Amino acid sequence: MRSRIREFDSSTLNESVQNTIMRDLKAVGKKFMHVLYPRKSNTLLRDWDLWGPLILCVTLALMLQRGSVDSEKDGGPQFAEVFVIVWFGAVTITLNSKLLGGNISFFQSLCVLGYCILPLTVAMLVCRLVLLAEPGPINFMVRLFVVIVMFAWSIIASTAFLADSQPPNRKALAVYPVFLFYFVISWMILTFTP
Amino acid sequence: MAAADELAFHEFEEATNLLAETPEAATTSRSEQLTPQGHVAVAVGSGDSYGAEDEVEESDKTALLQEEKQQPGFWTFGYYQSFFDVDTWQVLDRIRGSLLPRPGHNFVRHRLRNRPDLYGPFWICATLAFVLAITGNLTLLLAQRRDPSIHYSPQFHKVTVAGVTIYCYAWLVPLALWGFLRWRQGVRERLGPYTFLETVCVYGYSLFVFIPTVWLFGVLALALSAAGLVFTLWPVVREDTRLAAAVLLSVVVLLHALLALGCKFYFFQPLPPAHVAPPPRATALPPSILLPPTSPWSVATPDGQSLQAQHERTLLPALPTLRP
C-alpha cells in the first residue's frame with residue numbers, strides 16, 4: 001500500500017533511470033508469469049501495459065524474418081506484415097468484443113491479447129533452434145507438436161482472462177476471433193523456413 | 001390485426017405490402033410490420049426473436065417511441081453495436097440457413113427476420129481469406145512432397161490478396177446490387193428491396209459454404225452458394241420484367257462463379273511459378289550467357305519448353321495456366 005502511494009508521488013521524476021526501467025521490467029515479467037501459469041486473476045486487467053505486447057511482437061516479427069535475398073515476392077511475412085497482423089488483429093478482436101457487449105476496456109483487452117502471444121514466441125524460438133538440425137519429417141513433427149501445444153496454451157490463457165467479461169450467450173462469438181488470431185500466428189510460425 | 005391498425009397508423013400501407021410479399025409471415029409478422037422505416041433498428045430488447053409476446057411489447061414501444069427518440073447517429077458507438085446484436089445460436093442458425101437454401105424460404109425474411117448483423121459477414125470473410133491462403137500453402141507443400149524440385153516458400157503475400165479480394169467482393173458487389181435494385185424499384189422502399197445491410201448480410205453468409213469445401217472449391221459449393229443468393233433475390237426481382245430479372249440473376253451467379261474460379265486458379269495452382277521466382281538476372285549463369293530479358297527462353301536448357309512456360313507464368317502469375 002505504501003509503495004503504491006509512493007508511486008503517485010512526484011518523486012518518481014527524481015529517481016534514477018535504472019529504477020524506472022527495473023520497475024517496468026518487473027511488471028512485465030510478473031505478467032509473463034501470469035500468462036505462463038494462467039489462473040483466473042485480474043492482474044493483467046488491473047495493471048495493464050503495452051510494453052510486453054510490443055516486446056513480444058517485435059521479437060516475433062524479427063524471428064520470422066528470413067535471411068535470404070530472394071524473399072521479395074513469395075517469401076515469408078515481412079516485418080510490417082507480422083506487426084500489422086498482430087496489432088490490427090488485436091484491435092479488431094477488441095472492437096468485436098466491445099461491439100458484442102463485453103465490458104472490458106480497450107487497452108485491457110489489447111494487453112491480454114498481446115501478452116498471450118508469449119507462448120507462441122517461445123514456440124518460435126524452439127522452432128528456430130529445431131530448424132538448425134537437419135530437415136526431415138521428424139523435424140516437422142517436433143515443430144508441429146510444439147506449435148500445437150503453445151497454440152493451445154495461448155488460447156487457454158487468453159480465455160482465462162477474457163471470458164468473464166463477455167455476456168453469457170455470446171461467449172463463443174467473442175472467443176472465435178481469438179482462436180482465428182492465434183491460429184494465423186501459429187501458421188506463420190509453422191511454415192517458417194529459414 | 002386490429003391492434004396493428006391502432007398502433008401502426010402511419011405504416012399501414014407498409015404492413016399490408018409486407019404481408020402481401022411474405023405469405024408465410026404469420027408466425028413473426030408483428031416485428032416485421034412495426035419495424036421502422038430503415039431496417040437498421042435500434043435493438044430495444046435482447047435478441048430473442050422467437051418470443052412473440054415479448055416482441056409485441058418491444059415493438060409497440062419502438063413504434064411509439066419512434067417519433068420521440070432518434071436512432072443513434074452513425075458517429076456513436078451504439079449505432080454500430082446494433083449490428084452486432086446477435087447471440088451465438090442466432091449466428092449458427094443463420095449459417096445453417098445459408099448451407100441449405102430452400103426455394104420457398106427467403107433468407108432475409110425467414111432467417112434474418114429483417115435484423116441483419118455484421119458479425120457473420122465480417123468474420124466469415126476473414127476466415128475464408130485465411131483459409132484460402134492456408135490451403136494454397138498446403139497445396140504447394142504437398143506438391144513439393146511429390147516433386148522435390150519445386151521450391152517451397154510460405155507465399156505470405158497471398159494472404160493480403162485473399163483478404164482484399166474477399167472483402168471487396170463481399171462489400172462492393174452487394175453495394176452495386178443494392179443500388180441497382182433501388183434504381184429499378186424507384187423510391188418506393190416499402191415494396192421490399194433489401195436494405196444495404198441485408199444484402200451484405202446475405203452475401204456474407206452465402207460465402208460460408210466455401211470454408212469447409214475449400215479443397216474442392218467445386219461445383220457443389222458454388223451451386224449451394226449461388227442458390228442461396230438466387231432464392232433470396234427472387235421475390236424482389238419477380239415483379240420486374242422477365243428480361244431484367246433474368247439478367248440480374250445471371251450476373252449475380254456469374255460474379256460468384258468468377259470468384260470461385262479465380263480463387264481456385266490463384267490459390268490452388270499445382271505448379272506455382274516459384275521455380276524461377278528469382279528473375280533471370282539473379283541466376284547463376286555467367287553474364288556472357290545472359291541474353292536480353294525479353295527472350296530468356298532462347299537460353300539453351302535441357303528443357304527449353306518448360307523454361308518458356310515457366311517464364312510466362314512468372315510474368316503472369318494470376319492468369320490460369322492449365323498444365324498440359
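Which residue forms a salt bridge with Asp117(B)? In this predicted model, the partner is Arg94(B), and the closest N and O atoms of the pair are 2.5 Å apart. A salt bridge here is a side-chain nitrogen of Lys or Arg within 4 Å of a carboxyl oxygen of Asp or Glu. The pair ties together distant parts of the chain: Asp117(B) sits in the loop between helix H7 (107–112) and H8 of chain B, while Arg94(B) belongs to helix H6 of chain B, 23 residues apart. Helices (H or I, at least four residues) and strands (E, at least two) are DSSP runs, numbered from the N terminus. Both Asp117(B) and Arg94(B) are buried; buried means under 20% relative accessible area, exposed over 50%, and partly exposed in between (1.4 Å probe, protein chains only).

Residues are numbered from 1 along each chain as its sequence is written, and chains are lettered from A and ligands numbered from 1 in the order in which they are written. Since the model is predicted, local features need pLDDT of at least 70 and side-chain atom pairs count only at pLDDT 80 or more, while totals for chains, interfaces and linings use all residues, and side-chain values use heavy atoms, with hydrogens and water left out.

Chain A comes out with nine helices and zero strands, so its pattern along the sequence reads α-α-α-α-α-α-α-α-α. Of its 194 residues, 46% are buried. Contact means heavy atoms within 4.5 Å, and among contacts in chain A between residues at least 6 apart in sequence, 74% join residues at least 24 apart. The chain exposes about 10100 Å², with carbon and sulfur atoms supplying 70% of that; accessible areas come from the Shrake-Rupley method with a 1.4 Å probe, and for residues only the protein chains shown count as cover.

For a look inside chain A, take Ser97(A), found in helix H5 (residues 79–99) of that chain. Ser97(A) has a relative accessible area of 4%, which means that it counts as buried. Leaving aside neighbours within four places in sequence, Ser97(A) is in contact with Gly102(A), Ile104(A), Gln166(A) and Ala174(A).

Next comes the meeting of the two chains. Here 28 residues of chain B are in contact with 30 residues of chain A. The area buried between them is about 2800 Å², and carbon and sulfur atoms give 65% of it. Buried area is the accessible area (1.4 Å probe) that two parts lose on being put together, summed over both. Tyr119(B), Trp123(B) and Phe156(B) supply 23% of the area that chain B buries against chain A, more than any other three residues.

Polar links also join the chains. Nine residue pairs are in polar contact between chain B and chain A (both at pLDDT 80 or more). A polar contact is a pair of N or O atoms within 3.5 Å; within protein, one must be able to donate a hydrogen and the other to accept it, and residues adjacent in sequence count only if both atoms are side-chain atoms. On the side of chain B that touches chain A, helix H5 (77–81), helix H6 (88–99), helix H8 (119–146) and helix H9 (157–185) of chain B each supply at least two residues. H8(B) gives the most, with nine residues. The residues of this side divide into 18 nonpolar, eight polar and two charged.

Over all chains, the structure holds seven salt bridges, and two of the salt bridges lie between chain B and chain A. Asp87(B) pairs with Arg170(A), the closest N and O atoms being 2.9 Å apart. Arg170(A), Asp85(B), Asp87(B) and Arg115(B) are linked in a network of salt bridges. Within chain B, the side chains of Arg96(B) and Asp93(B) meet in a salt bridge (3.8 Å, N to O). Arg96(B) and Asp93(B) are three residues apart in helix H6 of chain B, so about one helical turn separates them.

Finally, ten of the eleven residues of helix H10 (residues 196–206) of chain B are buried, so this helix is largely enclosed by the rest of the structure. The buried residues of H10(B) pack against H6, H7, H8, H9, helix H11 (219–237) and helix H12 (242–267) of chain B.

Technical notes. Ala, Val, Leu, Ile, Met, Phe, Trp, Tyr, Cys and Pro count as nonpolar, Asp, Glu, Lys and Arg as charged, and the others, Gly among them, as polar.
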